[in-house]
Structure formats: C-alpha cells, structure tokens
Amino acid sequence: MTVSPAEHISPAEKTGARTAEAADVITGARERIDALDDRIIGLIQERMAVSAVIQEARITSGGRRVNLSREMEVLGHYSAALGRPGTSLAMTLLELCRGRI
C-alpha cells in the first residue's frame, strides 16, 4: 500500500496551527465554512433562476431585459450591509443573474 504525501501531514501542519487544540478548532470551522459555501452557492443558483423568470416576463411584455433602477437598489442594499466589498459582490451577483451588459 502506497501512502500519499498528504497522509503524512499532521492536522496542525495542514491548518497552520501551532497546537493540536487550535488545529481542531480550525478544522471544525473550515468544515462549517465549506457547508456555508455550499448553501451560498445554492442560493446564488436559486437567485439566478428567479432572475431568469423576471427577465423572461419583462422581455415577453415588451420591456427591456435589464432594469437599471432595480439594479441600483440592489447595489445600494449590498453596499449598506457590507460596505465597499458589498458593492463588488452585488455587481458579481447581478452579472451572474443577467449576464454582462
């Protein structure tokens, strides 16, 4: 049986921690972050699907694909909640949901 190099790395080395206790905390927190990331990705995918429904309804009714005043509301909401990085996050979400304009 061959052992991969990764199997020789201790939890403390893998996490960058100096103690086993800290490595345990970091490992548990990373597992929680991974689970949160999975939920966030699922919510983004759901948001994309809802956005597609809205765009289709708007286009079918003769409107434009993008509603810039609504996008400004979204940008303001994220900026107010998260500061400058929130604006960047909102821009990324808007692009994922409606494509590039």
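**Exercise 1. Confidence along the chain**

Find where confidence is lowest and where it is highest in the protein chain of this predicted model.

*Solution.* Helix α1, residues 11-15, has the lowest confidence, with a mean of 81. Helix α3, residues 68-82, sits at the other end, with the highest value, 98. Next, take the chain as a whole: its mean pLDDT is 92, and 93% of its residues reach 70 or more. Keep one caution in mind while reading on: where pLDDT is low, the predicted coordinates should not be read in detail.

**Exercise 2. Salt bridges**

How many salt bridges does the structure hold? Go through them, and work out for each partner whether it is buried, partly exposed or exposed.

*Solution.* There are three, so let's walk through them with the cut-offs in hand: under 20% relative accessible area is buried, over 50% is exposed, and anything in between is partly exposed.

Step one is Glu73 with Arg70, where the closest N and O atoms are 3.2 Å apart. Both residues belong to helix α3, and their spacing of three residues is about one turn of the helix. Glu73 has a relative accessible area of 48%, so it is partly exposed. Arg70, at 45%, also falls between the cut-offs and therefore counts as partly exposed.

Step two is Glu71 with Arg98, whose side chains meet at 2.7 Å, N to O. Glu71 lies in helix α3 and Arg98 in helix α4 (residues 84-98), so this bridge ties together parts 27 residues apart in sequence. As for cover, Glu71 and Arg98 are both buried, which means under 20% relative accessible area for each.

Step three is Glu95 with Arg100, with 3.2 Å between the closest N and O atoms. Glu95 comes out at 35%, so the label is partly exposed. Arg100 reaches 67% and is therefore exposed.

**Exercise 3. A charged patch**

Which residues form the negative surface patch? Then pick Asp38 and say where it sits and how open it is.

*Solution.* The patch is made by Glu31, Asp34, Asp37 and Asp38. To place Asp38, look in helix α2, which covers residues 20-60. Its relative accessible area is 56%, and because the cut-off for exposed is over 50%, Asp38 is exposed.

Note on methods
Residues numbered from 1 in each chain as written. Predicted model: local features only at pLDDT ≥ 70, side-chain atom pairs only at ≥ 80, totals over all residues. Heavy atoms only, no water. Patch = residues over 30% accessible without salt bridge, like charges linked within 9 Å, V, L, I, M, F, W, Y side chains within 5 Å. Areas by Shrake-Rupley, 256 points an atom, 1.4 Å probe, with all protein chains shown as cover. Salt bridge = Lys/Arg side-chain N within 4 Å of Asp/Glu carboxyl O. Lys, Arg positive; Asp, Glu negative; His and termini not counted. Charge placed at Lys NZ, Arg CZ, Asp CG, Glu CD. Helix = DSSP H or I, 4+ residues; strand = E, 2+ residues; numbered from the N terminus. Buried < 20%, exposed > 50% of the residue type's maximum accessible area, 1.4 Å probe, protein only. pLDDT = per-residue confidence, 0-100.
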